[in-house]
Amino acid sequence: MISIIFVSLLVTSFLEFTSAQAQRPNDPIPIIKYESEGPNVDGSYKWLYQTGNEINAEESGYVKNFGKGEGQEVQVAEGKFNYKAPDGSPISLQYIADENGFQPQGAHLPTPPPIPPAIQRALDYLKTLPPTAASPPSGPRQRAFF
């Protein structure tokens, strides 16, 4: 018990000493907070950390359809992180990763340009046309053997 208190005091004094000094490029960056739980038997877990240079990250995960069997279970991870870019602007990203892939969201992410109105009208019109003989068949191809 005394060793835990001693280590806690030592870490606290180190963090205060480190934050009092100016951060030099090659100085190690202190971990201010770190928590981790899992992986658990059901596939769930979570972790988070904060660093001395204002990086915050956290993630939690679970198995969707746990116990349904291989092929139906899906590992899901949800998380977020934020930090300051070299120019000082804040970067914040939230994400989910599941059977649909990695899906990030953040104001700093590039977005595609809008579809020009004339092309959108053409696409909408094409959707209204009936299938033609040149259209690929919707079902599996069948071959005739003679």
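**Close-up views of side-chain contacts**

Phe-102 is exposed, with a relative accessible area of 53% (buried is under 20%, exposed over 50%, partly exposed in between; 1.4 Å probe, protein chains only). The model is predicted, with local features requiring pLDDT of at least 70, side-chain atom pairs counting only at pLDDT 80 or more, and totals for chains, interfaces and linings using all residues. Residues are numbered from 1 along each chain as its sequence is written, and side-chain values use heavy atoms, leaving out hydrogens and water.

**View A. Aromatic pairs.** The structure holds three aromatic pairs, among them the stacked pair of Trp-47 and Tyr-49, at 5.8 Å centre to centre and 15° between the planes. Tyr-95 and Phe-102 form a tilted pair, with centres 5.4 Å apart and planes at 35°. (Rings of Phe, Tyr and Trp, the last by its six-membered ring, pair if their centres lie within 6.5 Å; planes under 30 degrees apart are stacked, over 60 edge-to-face, the rest tilted.) Tyr-95 is buried, at 13% relative accessible area.

**View B. Lys-64 and Glu-99.** These side chains meet in a salt bridge at 3.1 Å, N to O (a side-chain nitrogen of Lys or Arg within 4 Å of a carboxyl oxygen of Asp or Glu). Lys-64 lies in strand 3 and Glu-99 in the loop between strand 5 (90–98) and strand 6 (101–105), so the pair ties together parts 35 residues apart in sequence. (Strands are DSSP runs of E, at least two residues, numbered from the N terminus.)

**View C. Lys-84 and Glu-54.** The closest N and O atoms of this salt bridge are 3.8 Å apart. Lys-84 belongs to strand 4 (residues 74–84), and Glu-54 to the loop between strand 2 (45–51) and strand 3 (56–64).

Definitions and conventions:
Helix = DSSP H or I, 4+ residues; strand = E, 2+ residues; numbered from the N terminus.
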